[in-house]
Amino acid sequence: MEDNVMTDDATAAVLAAVGDLLPTLRKRAQDTELARRIPIESLEEITATGFFGLLRPRRYSGLEAHPAVFYTAAAELASACGSSGWVAAVLGVSPWNLALFDGRAQEEVWGSGVDVPLCSSYAMTGTAVPVEGGYQLSGTWGFASGCDHARWALLGARVIVDGEPVDSGTFLVPAGDYRVSDVWHAVGLRGTGSNDIHVDEVFVPAHRALSSDAVTACRTPGQQVNGGALYRIPFGCLHTSAITAAIVGMARGGYRAYLEQQSGRVRAALPGDARKDTGYRGDQFRDDPATLERIAFAATEIDAAWRQLTGNIDDMYALAAADRPIGPRDRLRLRRDQVRGTERAVAAMDRLFESSGGRALRPDSAVQRFWRDVHGGRAHAANDPERVYRMFAAAELAAVSQAHQP
């Protein structure tokens, strides 16, 4: 592993097992794209590494690992196969989210077995109408990565009373209460199976609903039974960073594929361009100054993205461990660097792809697959830099203005 993260024997074993799996996922990446979803074999092999237990509570045989350990594992998986790493990151965050729910909901999912895949779609595209004992949920949710393999779904919805929205939240729904539409035909992240989920007037008991206000305040029902620092980190920080961790992992995979391609590549010399000392044999790209500059640019962008991502989540985890409040400025700083991290990963792959030559256009080229995948990840709602930058800058200016008030 490249990353120096805080591990114990159990988490180190997971990271080692993930590392052992990478060659298999790398070989399977093209077939994963063609299938438009990760194979069940890949999901089972990732499960066997212990990856999905990293953020699960200890009382359900989880490791409650430092988030940076989870991000490291997710990035490694994504460096072998972008689609597999993406699905692993998204499904792998779901146990952490479930741990915020009422303990009864956790028992329903994990009481008879802990390796239960949960997919998610948090956009508030559904409606939940309060009824006796719970809610009547309806709606259609898109981009539910890995939903074909899931047994439960976490779905975002507005709570509607007398036709007006009064609240919003996340609702936990078993697979038998929703249907999946196979609509995922995408340019990037083709193998993620990010299909649509449909729910038609399904009853969701109150203990399987989690208010957005409680999540924002980091005061959730699940903390009654899961008191660790991990579960006091804001959702908007931990989840979005998992998205960027996978994207940085894809950029690492593309960087590695580019180095392998360029190490033996020879530039085609056109008539009239050839120098006397080379004739028409062309030059080695590994000696090309422009290629060397692109490699250095990509490497520093990827490293910077990763250092900020893991450094910020480490700061946040330390605040949670000390039971100190995680304020708006802490959250905005993390989000500022998280969206910038995605931008850095995309910029790195763009610079590399531009000089990859015609061979990179072939369907079996790992360079172009990773290039498409980072752009696919960039389209996620968590990666809206202009919005986040404006929010951060407004908070900075407000803090200065307040400090100068008499």
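Close-up 1. G126 has a relative accessible area of 0%, so it counts as buried (buried means under 20% relative accessible area, exposed over 50%, and partly exposed in between, with a 1.4 Å probe and protein chains only). This is a predicted model: local features need pLDDT of at least 70, side-chain atom pairs count only at pLDDT 80 or more, and totals for chains, interfaces and linings use all residues. Residues are numbered from 1 along each chain as its sequence is written, and side-chain values use heavy atoms, with hydrogens and water left out. G126 sits in strand 1, residues 118-131 (helices are DSSP runs of H or I with at least four residues, strands are runs of E with at least two, and both are numbered from the N terminus). Leaving aside residues up to four places away in sequence, G126 touches S138, G139, W141, G156, A157 and R158; a contact means heavy atoms within 4.5 Å. Look for V199 too: it is 73 residues from G126 in sequence, yet the two C-alpha atoms are 8.5 Å apart.

**Close-up 2. T170 and its neighbours.** Move along to strand 4 (residues 164-174), and you'll find T170. With a relative accessible area of 10%, T170 is buried. Its contacts, not counting residues up to four places away in sequence, are N97, F101, Y122, L154, L155, G156, R208, A209 and L210. G156 is one of the residues touching T170, and G156 is also among those touching G126.

**Close-up 3. L77 and the nonpolar core.** The largest nonpolar core has 110 residues, and those with the most contacts inside it are F51, L77, W96, L137, L172 and I197. Helix 7 (residues 235-263) gives the most to this core, with 13 residues. A nonpolar core here is a set of buried Ala, Val, Leu, Ile, Met, Phe, Trp, Tyr and Cys residues joined through side-chain atoms within 4.5 Å. Zoom in on L77 and you'll see it touching V18, L21, L22, L25, I46, F51, G85 and A88, again not counting residues up to four places away in sequence. In soluble globular proteins, nonpolar side chains tend to be buried together.

**Close-up 4. T244 in helix 7.** Helix 7 is also the place of T244. At 0% relative accessibility, T244 counts as buried. Once residues up to four places away in sequence are set aside, T244 touches L309, Q338, G341, T342 and N383.

**Close-up 5. Two loop residues with positive phi.** Most residues other than glycine have a negative phi. L189, which is not a glycine, has a positive phi of about 50°. L189 lies in the loop between strand 5 (179-181) and strand 6 (195-205), and at 4% relative accessibility it counts as buried. D323 is another one to check, with phi near 55°, a positive value in a residue other than glycine. You'll find D323 in the loop between helix 8 (289-321) and helix 9 (328-354). At 55% relative accessibility, D323 counts as exposed.

**Stepping back. The whole chain.** The protein chain has 11 helices and seven strands. Its C-alpha trace spans about 85 × 60 × 45 Å along the principal axes. Of its 406 residues, 52% count as buried. Among contacts between residues at least 6 apart in sequence, 74% join residues at least 24 apart.
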